Amino acid sequence: MASVQHKLRVGGVPEHFNSPFNCGLREGYFADENVALEFVNCPGGTGEMVGKLRDGRLDVAVALTEGLVASIARGAEEFKIIGTFTDSPLTWTVSVGAAAKQRSVDDLEGGVVGISRFGSGSHIMAIVMAKLRGWKRKNEFTVLKDFKGLRDGVNHKAASAKAGAADQQDGSGSSGDEAAGADCFLWEEFTTKPYYDQGEVRRIPESITTPWPAFMIAARVDVLEREPETVLAFLRALRRSCAAFTQDKGAAVQYVVDHYGNLPEDAATWFDRLRYSPDNAVSRKVLSECALTLVEADVLAPELVRDDELEARLTHGAVTKLSV
């Protein structure tokens with residue numbers, strides 16, 4: 001008699017970090033655990049995944065640590081953090097349009113920042129960056145949905161500003177269209193690198209690296225209560241998939257080159273920095289420090305993280321493996 005396969009809809013960004021899912025599906029690691037995994041690409045990032053977790057379109061998501069912590073701390077009760085996906089941090093770079101006049105990060109103070117969603121990593125880390133830079137003029141935010149929308153948005157803004165300047169010089173006036181789009185956006189370093197190489201967007205010489213693991217795993221509470229063993233089986237298969245993907249550096253690098261457009265040397269550098277969690281343990285210290293950093297950056301109100309129940313609100317007692 002065939003074993004029953006338990007379906008899980010798992011969301012993640014279509015980026016190199018999630019390559020182990022392809023490996024696990026190809027090698028049958030999830031099927032071995034009786035998990036019928038459907039990987040759902042979420043190009044809108046953490047903000048998109050949080051929305052889909054909340055309304056039931058996803059069962060599980062691999063999303064940015066800061067986005068999950070912020071969402072649950074603000075009152076999202078539909079999901080909990082169940083594990084750490086990567087122990088390594090994420091480096092965000094700042095991008096402007098190819099024809100943009102801005103040359104330094106401080107040229108962007110008070111400007112318009114493109115984000116994928118409110119509450120996404122691109123939104124939260126832009127606030128953190130402004131706080132770290134000590135900017136006095138507040139930036140505005142405009143939602144551009146996904147990575148392509150962000151690239152198009154900064155190029156539209158730069159091109160419109162350039163055309164407006166030309167109109168002013170010849171006396172014809174400006175159409176005002178330069179208000180559309182964004183002055184800059186933040187996105188993961190190696191995902192953006194091919195577009196720097198192609199000249200589609202330009203990198204501002206500034207980056208910000210999170211002081212915590214880049215990605216954590218969250219699951220809907222109703223799934224955790226109904227099928228905790230299925231979620232634990234999923235985590236076992238995912239650990240096996242990560243170990244298999246990282247076992248052969250050459251094959252992993254070639255996969256990233258073939259599927260994500262990175263140069264071999266960039267893919268190799270990314271791989272060398274990458275560390276998947278061997279046990280999916282969630283550090284209490286990481287959760288606390290992430291929450292406090294978000295308070296310092298005015299992303300979270302202090303009262304949201306000053307209670308003894310923060311850990312219980314963020315994690316699931318029966319599934320989440322906690323560490324110091």
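The chain of this predicted model contains 13 helices and twelve strands. Its radius of gyration is 21 Å, close to the 20 Å that the globule rule gives for 324 residues, so the chain is as compact as a globular protein of that length. Along the principal axes, the C-alpha atoms fill a box of roughly 80 × 45 × 30 Å.

**Helix pair α1 and α9**

- Helix α1 spans residues 19-27 and helix α9 spans residues 228-247; their axes come within 8 Å and cross at roughly 105°.
- Angles of 65 to 115 degrees count as roughly perpendicular, and α1 and α9 are therefore roughly perpendicular to each other.
- On the α1 side, the contact is made by Ser 19, Pro 20, Phe 21, Cys 23 and Gly 24.
- On the α9 side, these residues meet Phe 234, Leu 238, Ser 241, Cys 242, Ala 244 and Phe 245.
- By residue class, the contact of α1 with α9 has eight nonpolar and three polar residues, and no charged ones.

**Cavity**

- The structure holds one cavity of 30 Å³ or more.
- The volume of the largest cavity is about 140 Å³.
- The largest cavity is lined by 15 residues, of which Val 13, Glu 15, Leu 64, Trp 92 and Trp 187 are the closest to its centre.
- Two or more lining residues come from each of α3 (45-55), α5 (121-133) and β8 (184-188).
- Helix α3 supplies the largest share of this lining, three residues.
- The lining of the largest cavity consists of seven nonpolar, six polar and two charged residues.

**Largest pocket**

- Helix α5 contributes the largest share of the lining of the largest pocket, four residues.
- The residues lining the largest pocket are six nonpolar, two polar and five charged.

**Second largest pocket**

- The second largest pocket has a volume of about 270 Å³.
- Of the 17 residues in its lining, Pro 14, Glu 15, Phe 147, Thr 191 and Tyr 195 are the closest to the centre of this pocket.
- The elements giving two or more residues to this lining are α6 (147-170), α7 (189-197) and α10 (249-260).
- Helix α7 gives the most to the lining of the second largest pocket, with four residues.
- The lining of the second largest pocket divides into eight nonpolar, five polar and four charged residues.

Terms used. Residues numbered from 1 in each chain as written. Predicted model: local features only at pLDDT ≥ 70, side-chain atom pairs only at ≥ 80, totals over all residues. Heavy atoms only, no water. 1 Å grid on protein atoms, 1.4 Å probe; cavity = no way out; pocket = protein on both sides within 12 Å on 5 of 7 lines; lining within 4 Å. Points joined across faces, edges and corners; volume = space filled by probe spheres on them. Nonpolar A, V, L, I, M, F, W, Y, C, P; charged D, E, K, R; others polar. Axes fitted to C-alpha atoms, helices over the stretch in contact; angles between N-to-C directions. Parallel < 35°, antiparallel > 145°, perpendicular 65-115°, else oblique. Contact = heavy atoms within 4.5 Å. Rg over C-alpha atoms; globule rule 2.2 N^0.38 Å.
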